[in-house]
Amino acid sequence: MRFVWAVAAFVLAALLIGAGIAQRTVFYGPSTQSAEIPAAEGTAYTMVDGAVLTSLPGTQTLRVSSSDGVFVAYGRTADMRAWLSDQTYNEVSAGQDGVLNAAVIEPAVTAPADGQDAAGGEAATAPTTAEPRNPSGSDLWLAEYSDERAVSVPLQLPDSMSVLIASDGTKAAPTEASITWNVAQTTPWAGPLMLLGGIVLVAGIVLYILAIRHDRRSRGPRRKAPPPLPETQPIDLAVEPGAKGVISATPSRRSSRRPLLAIPLAVVGALVFTGCSPDAWPDLAPTPTPSQTAAIVDSADQQAPAVTEAQAQTILQRISTTVASADEARDVNLAATRLEGAALAERNTNYALRGALADEAALPPIPAEPTQIILPQAFDEWPRTVMAVVQKEGAQGPVSTIMFLTQADQWSEYKLSYIGDLLGSVEMPDLAPAYIGASQVPPESSFLTVAPDKLAETYADVLNNGKDSASIGLFDEQTDLFSQNVAANRQERRDKFNETGASTGTIEFAAQAGSQPPLALATLESGAIVAVSVNEVDTVRPNSGDVVIKLTDNPTVQALTGVSESATGVSSTFADQLFFYVPAQGSSEKIRLLGYTSNILEAKVL
């Protein structure tokens with residue numbers, strides 16, 4: 001009977017282990033699943049909707065090949081649709097039963113400006129397609145890849161992201177494209193079945209050994225005990241020295257049953273645990289229960305941030321590289337592709353000075369990394385604004401630079417509008433994280449202590465009148481180092497001028513709001529970080545027609561005006577880019593200066 005139980009255990013173990021192995025081999029599903037991306041003839045762009053990418057679980061691998069070159073990029077679906085809104089393109093979407101559908105999307109329909117035709121009736125509308133453009137290098141893409149023949153990209157994108165496939169914007173989009181999903185196969189019962197089969201196999205081996213042992217003990221008839229031996233004399237076992245022919249006794253052999261039993265156990269352990277990955281076992285870990293946390297902002301009407309942190313880092317790197325090339329070649333047109341406003345005007349003046357003066361230094365390069373703060377505007381339309389704080393190495397150690405970037409429309413690149421160095425002891429207000437973004441404060445907002453479009457004018461009055469300004473009480477004097485430096489510099493220059501020219505001429509200083517519109521992003525305390533421009537104008541005039549203003553001691557003004565003296569006077573304009581924290585209306589806080597930069601803008605003969 002013991003042999004029967006042992007054989008039954010062997011059979012059951014074989015079934016259990018075989019079932020576990022079958023789950024990992026015969027019944028194991030495919031690890032990948034692929035689908036061809038349908039193409040449309042004559043379209044230069046193919047957009048694969050995010051729903052296609054997430055139609056199956058698992059990571060995605062996109063493969064595209066073409067003899068005309070391949071370009072692949074991914075970004076937010078809304079941004080990609082906006083970029084393609086004036087083009088004819090092929091949109092691939094997910095249909096029922098996993099079927100991929102392709103549809104040609106025509107550009108947006110536009111009407112004449114007056115909305116009427118020549119006869120006075122309603123004008124007929126027709127699609128208008130813009131000139132083809134190369135999608136490479138757009139600031140809307142989170143990442144892009146290109147190759148002359150083929151591109152294979154591993155992806156793991158949410159359904160809010162889409163993929164753009166193109167060649168160069170003029171040629172037809174590649175038609176050989178496919179998506180492969182890495183399907184995660186789990187066999188949670190494979191491990192337990194093989195483990196249970198191993199246990200039953202060990203039990204069968206034990207039963208088999210016990211059955212053999214019992215069989216040997218019970219084999220043949222029992223014999224009677226032999227009669228007792230006769231008594232004998234004791235034998236002297238002492239051996240005399242030198243005796244020969246004595247054989248020493250050998251130690252008895254130990255039983256070898258224990259090692260024989262350990263061998264099956266090792267074999268079973270190797271059989272059960274070899275090749276069993278974690279997906280071959282049930283997941284017994286408890287599912288974490290998410291706890292409610294206080295929301296940073298009300299997300300009911302919250303729009304998506306303009307850029308991600310990685311995207312902002314790429315944009316800053318592109319701006320830094322382009323401006324560095326423009327600085328080296330003194331190419332203002334190249335600089336204009338990534339700069340605007342006062343930042344571009346100062347560069348233009350510097351290029352002119354470097355061309356005229358051999359010892360004129362270039363302006364500091366645009367820093368790109370590492371970024372300390374990224375605050376994008378949460379806005380789905382255009383124009384968009386992004387604030388960045390980047391650390392760079394200065395002459396006396398690391399310096400933090402604050403910048404405002406703007407994007408005019410979906411087809412334009414981000415341009416640097418404002419740039420300045422943060423003060424060493426500045427305390428930044430509480431800001432929303434980059435993945436949420438901040439709202440842009442309108443220029444005429446009445447919810448701040450001073451509206452953004454009035455801030456430059458208000459601060460210019462402080463620079464002009466100092467303690468006598470009616471607005472001096474709005475600003476934190478302890479942090480406003482700029483106005484203190486301006487007042488000290490003006491007094492020093494006035495004293496130096498009066499040493500020789502007090503009776504022959506006059507020097508005047510005036511500050512006024514710059515022409516560049518302000519930019520403002522909200523903080524968590526309902527305040528805002530506001531960037532404005534202020535122009536400081538220094539004017540030197542002679543008192544009479546017999547006096548001339550000599551510029552030999554001022555090569556900068558001489559180079560910009562092209563003259564060495566003037567009988568009518570000379571004015572010099574300095575552009576100040578200023579960054580303030582403006583608290584909300586009714587707050588007990590004062591306006592704090594966060595950072596600034598100042599450079600000469602122009603000089604002219606009156």
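Me: What volume does the largest pocket have?

Reply: The largest pocket holds about 730 Å³ of space. A pocket is an open set of points on a 1 Å grid over the protein atoms alone, with protein on both sides within 12 Å along at least five of seven lines. Grid points are joined across faces, edges and corners, and a volume is the space filled by probe spheres set on the points. This is a predicted model, where local features need pLDDT of at least 70 and side-chain atom pairs pLDDT 80 or more, while totals for chains, interfaces and linings use all residues. Residues are numbered from 1 along each chain as its sequence is written, and side-chain values use heavy atoms, without hydrogens and water.

Me: Which residues lie nearest its centre?

Reply: Phe 497, Val 540, Lys 550, Asp 553 and Asn 554 do, out of 23 lining residues; a lining residue has an atom within 4 Å of a point. Helix H10 (481-501) is among the elements giving two or more residues to this lining, as are strands S17 (505-513) and S22 (570-582). Helices (H or I, at least four residues) and strands (E, at least two) are DSSP runs, numbered from the N terminus.

Me: Which element gives the largest share, and how do the classes divide?

Reply: H10 does, with 7 residues. The lining divides into 9 nonpolar, 7 polar and 7 charged residues. Ala, Val, Leu, Ile, Met, Phe, Trp, Tyr, Cys and Pro count as nonpolar, Asp, Glu, Lys and Arg as charged, and the others, Gly among them, as polar.

Me: And what lies closest to the centre of the second largest pocket?

Reply: Arg 493, Phe 574, Ser 598, Asn 599 and Ile 600 do. The second largest pocket holds about 490 Å³, and H10 supplies the largest share of its lining, 6 residues.

Me: How many cavities are there?

Reply: There is 1 cavity of 30 Å³ or more, a cavity being a set of points where a 1.4 Å probe fits but cannot get out.

Me: How many bridges join S3 to S10?

Reply: There are 6 bridges between S3 (residues 60-65) and S10. Arg 63 has Ser 152 as its bridge partner in S10.

Conventions. Pairing = 2+ DSSP bridges.
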